[in-house]
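Subject: Handing over the structure

Hello,

I am passing this structure on to you, with some notes on what turned up in it. Please have a look at it first and then read on.

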Amino acid sequence: MKGWYKYFIVAVLIGGTIYGLNVKTTSIEEKRPNIIYVLADDLGYGDIAIYNPEGKIKTPNLDAMGSAGMIFTDAHTSSAVCTPTRYGIITGRYNWRSPLKSSVLTGNSKALIPRNRTTVASLLKKEGYETAFIGKWHLGWDWALKNPGLESGEGWNPEDFDNIDFSKEVKNSPKTLGFKYSYGHCGSLDMAPYVYVENGMPTMVPDSVTESKTKYGWWRKGPTARDFDFDDVTPNFFRKSFGYIKEKAKGKSPFFLYLALPSPHTPILPTEEWKGKSDLNPYGDFMMMIDAYMGQLTEVIRQAGIEDNTMVIFTSDNGCSPAAKIDEMLAKGHSPNGILRGHKADIFEGGHRVPFMVKWPAKIKPDSKSDKTICTTDLLATCADIVDVELEDDEGEDSFSFLPLLTNPASKDYLREATVHHSINGSFAIRKDNWKMIFCPGSGGWSDPKPNSEGIGELPKFQLYDLSKDPREENNVYGQFHEVESALTRLMVTYIENGRSRVGEKQKNDAEGYGTKDWKQLEVFYN
């Protein structure tokens with residue numbers, strides 16, 4: 001009897017150990033979903049029907065995605081323009097901490113992100129993820145040069161590309177930042193050169209020079225490769241993504257796909273089947289085309305059998321651009337930025353508040369909604385949280401995990417204290433709770449009152465809005481709430497001087513210091 005009991009105990013212990021290991025393994029697998037981050041370009045807060053029921057653009061597939069998961073009503077990009085926002089998404093760091101203090105890069109710009117900086121892709125790659133970038137990069141890379149000693153222009157003129165050797169490998173491309181596979185073009189779709197680069201190598205040497213001056217579909221003059229069909233760029237990126245998803249779904253490792261669309265940014269080029277479908281203008285048609293492809297993406301994921309444990313995020317890099325001919329759409333009853341003031345490039349909400357929806361059936365209940373203020377810099381910390389990795393002090397300095405919000409929209413475990421906004425000319429704003437303080441007198445961008453415009457000096461130096469009462473930013477109450485203004489200014493200065501907004505050791509900003517020629521925007525805090 002005693003012998004039988006002894007073997008029974010051993011069997012129970014072994015069985016329990018195996019069961020425990022299985023539970024642990026299952027738990028780890030559950031924490032490691034596939035992650036697909038789809039970034040639209042210049043898509044406004046009011047362009048998706050689930051965000052703007054009064055809108056005139058039909059977006060059934062994006063609406064279905066939002067209904068199947070969670071929509072965030074108060075999500076913000078770290079900047080009101082392309083390059084800076086993309087920097088923040090990839091690094092989890094505010095764009096103005098980089099050497100780029102204002103504006104955007106071009107198709108000829110050097111790589112903005114150094115190899116030694118942790119990115120979402122490098123972090124996940126270390127954790128066993130397959131990683132891919134497909135689409136519009138717009139973070140610079142280093143083209144091979146025919147004459148390395150010859151200085152080229154910035155990339156706004158066609159002759160600026162004459163010194164590029166398109167037959168040789170590109171240096172400091174996405175693959176040096178953790179992306180095991182990469183395919184895309186360097187700048188915006190209206191910025192030359194018009195060449196696809198796959199895993200660091202141009203797919204073709206350009207053999208022509210093209211330019212478009214049409215009202216909606218314009219692009220700058222520059223070298224163009226034969227396999228670069230402007231009308232087919234967005235469909236091509238979706239097809240590449242579908243193939244990648246199907247391939248990786250068969251493997252044992254989870255994958256991360258960063259699909260950065262060049263649309264609905266200019267050139268606005270809906271394919272033939274979508275022309276005229278919106279009854280607005282080509283921008284509305286282009287939006288409907290993107291929605292249709294997002295429906296196909298959802299179906300590819302479903303048919304691959306990975307829908308339940310795949311987290312899909314859809315958002316935009318800033319608000320809708322005036323290039324979309326906003327006035328035309330307003331006249332027909334559609335407001336691309338909803339009720340928000342301003343548009344792309346501006347410090348106002350229309351510049352940087354964007355749709356942000358997350359679908360992850362294994363974790364997120366359908367029809368979920370969160371009103372928490374989140375930022376696109378939060379992707380890095382969220383991914384680190386998913387794979388149970390603690391970020392170092394010099395990683396993701398402005399990134400906060402929104403993972404707790406996905407199961408509890410009001411969770412207090414989301415630790416973002418405040419959010420910094422940034423306009424195209426480098427003007428700052430800070431948002432904490434309902435208060436938003438803008439450290440310039442106008443838009444800081446392209447809408448009125450523009451920087452340095454006539455009469456702008458007569459406006460109050462700064463702006464303060466209570467967004468709970470004034471979401472349209474119509475009533476500047478600066479000067480009426482001195483304690484709020486002092487507290488927000490001190491917090492903004494602290495975030496700048498500490499090199500971080502997340503708790504941790506002080507870090508250096510690139511080209512740090514008041515008085516540097518490239519960071520004149522700091523003058524407002526020290527005068």
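Let me begin with the second largest pocket and the helix that gives most to its lining. Helix α9 (residues 379–386) supplies the largest share of that lining, 3 residues. Helices here are DSSP runs of H or I with at least four residues, strands are runs of E with at least two, and both are numbered from the N terminus.

Before going further, some background. This is a predicted model, in which local features need pLDDT of at least 70 and side-chain atom pairs count only at pLDDT 80 or more, while totals for chains, interfaces and linings use all residues. Residues are numbered from 1 along each chain as its sequence is written, and side-chain values use heavy atoms, with hydrogens and water left out.

**Pockets**

A pocket is an open set of points on a 1 Å grid over the protein atoms alone, where a 1.4 Å probe fits and protein lies on both sides within 12 Å along at least five of seven lines; lining residues have an atom within 4 Å of a point. Grid points are joined across faces, edges and corners, and the volume is the space filled by probe spheres set on them.

The second largest pocket holds about 390 Å³. Of its 17 lining residues, Ser-399, Phe-400, Ser-401, Leu-415 and Arg-502 lie nearest the centre. The lining has 9 nonpolar, 3 polar and 5 charged residues. In this scheme Ala, Val, Leu, Ile, Met, Phe, Trp, Tyr, Cys and Pro are nonpolar, Asp, Glu, Lys and Arg are charged, and the others, Gly among them, are polar.

The largest pocket has a volume of about 450 Å³. It is lined by 21 residues, with Asn-425, Ser-427, Cys-440, Pro-441 and Val-524 nearest its centre. Here the lining divides into 8 nonpolar, 10 polar and 3 charged residues.

**Cysteines**

How many disulfides does the rule give? The count is 0, where a disulfide is a pair of cysteine sulfur atoms within 2.5 Å. For Cys-82, the closest cysteine sulfur is in Cys-320, 12 Å away, which is too far for a bond. Cys-440 is in no disulfide either, as the nearest cysteine sulfur, that of Cys-375, is 18 Å away. Cys-82 is buried at 2% relative accessibility, and Cys-440 is buried at 8%. Buried means under 20% relative accessible area, exposed over 50%, and partly exposed in between (1.4 Å probe, protein chains only).

Asp-74 sits in strand β2 (residues 70–76) and is buried, at 5% relative accessible area. Its side chain makes a polar contact of 2.7 Å with the side chain of Thr-373 and one of 2.7 Å with that of Arg-431. A polar contact is a pair of N or O atoms within 3.5 Å; within protein, one must be able to donate a hydrogen and the other to accept it, and residues adjacent in sequence count only if both atoms are side-chain atoms.

Asn-337 lies in the loop between α7 (326–331) and α8 (349–352) and is buried, at 4% relative accessibility. A polar atom of the Asn-337 side chain is 3.4 Å from the backbone oxygen of Gly-342.

Asp-518 is in the loop between α11 (482–498) and α12 (523–526) and is partly exposed, at 45% relative accessible area.

Enjoy exploring it!
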